[in-house]
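Dear colleague,

I am passing on a structure that you have not worked with before, and my notes on it follow directly below.

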Amino acid sequence: QVQLVESGGGLVQAGDSLRLSCAASGRTFSMYGMGWFRQAPGKEREFVAAIVWSIGSTFYADSVKGRFTISRDKGKNTVYLQMNSLTPEDTAVYYCAARNPGREYDAWGQGTQVTVSS
């Protein structure tokens with residue numbers, strides 16, 4: 001089992017930047033990849049970005065492409081989400097998740113709140 005702990009959320013103004021971190025522990029050697037998701041009030045959880053742990057390939061939702069960057073530090077078992085040019089539409093609880101070799105997300109963090117004021 002993989003355990004995940006997010007950090008780095010907060011209240012910022014439109015146009016600001018924020019970096020989220022997610023530290024993984026436990027059976028991290030079994031991870032295929034990690035991803036970030038978010039859930040805004042009254043909306044379903046949506047995919048934001050993902051990274052393949054071994055080779056670093058990255059994938060993004062269209063809504064964040066060009067503004068957000070996902071990266072990982074294999075030595076620290078940590079994944080990051082650098083968020084630039086934030087807008088109020090980015091306000092949500094952000095979750096990181098670990099992807100198992102079957103490519104299913106089966107471990108989730110507790111979430112961190114990101115609030116962007118206009």
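In these notes, a contact means heavy atoms within 4.5 Å. The model is a predicted one, in which local features need pLDDT of at least 70 and side-chain atom pairs count only at pLDDT 80 or more, while totals for chains, interfaces and linings use all residues. Residues are numbered from 1 along each chain as its sequence is written, and side-chain values use heavy atoms, with hydrogens and water left out.

Let me begin with Ser21, which sits in strand E3; helices (H or I, at least four residues) and strands (E, at least two) are DSSP runs, numbered from the N terminus. Leaving aside residues up to four places away in sequence, Ser21 is in contact with Val5, Glu6, Ser7, Trp36, Thr78, Val79 and Tyr80. Ser21 counts as buried because its relative accessibility is 15%, where buried means under 20% relative accessible area, exposed over 50%, and partly exposed in between (1.4 Å probe, protein chains only).

The count of disulfides comes to 1, a disulfide being a pair of cysteine sulfur atoms within 2.5 Å. The partners are Cys22 and Cys96, whose sulfur atoms lie 1.9 Å apart. Since Cys22 belongs to strand E3 (residues 18-26) and Cys96 to strand E9 (residues 92-99), the pair ties together parts that are 74 residues apart in sequence. The link of Cys22 and Cys96 is right-handed, with 50° about the S-S bond. Cys22 counts as buried at 0% relative accessibility, and Cys96 is likewise buried, with a relative accessible area of 0%.

As for the chain as a whole, it has 0 helices and 11 strands. Its radius of gyration is 13 Å, close to the 13 Å that the globule rule gives for 118 residues, so the chain is as compact as a globular protein of that length; the radius is taken over C-alpha atoms, and the rule is 2.2 Å times the number of residues to the power 0.38. Taken along the principal axes, the C-alpha atoms fill a box of roughly 40 × 25 × 25 Å. Of the 118 residues, 42% count as buried. Among contacts in the chain with a separation of 6 or more, 52% are accounted for by residues 24 or more positions apart.
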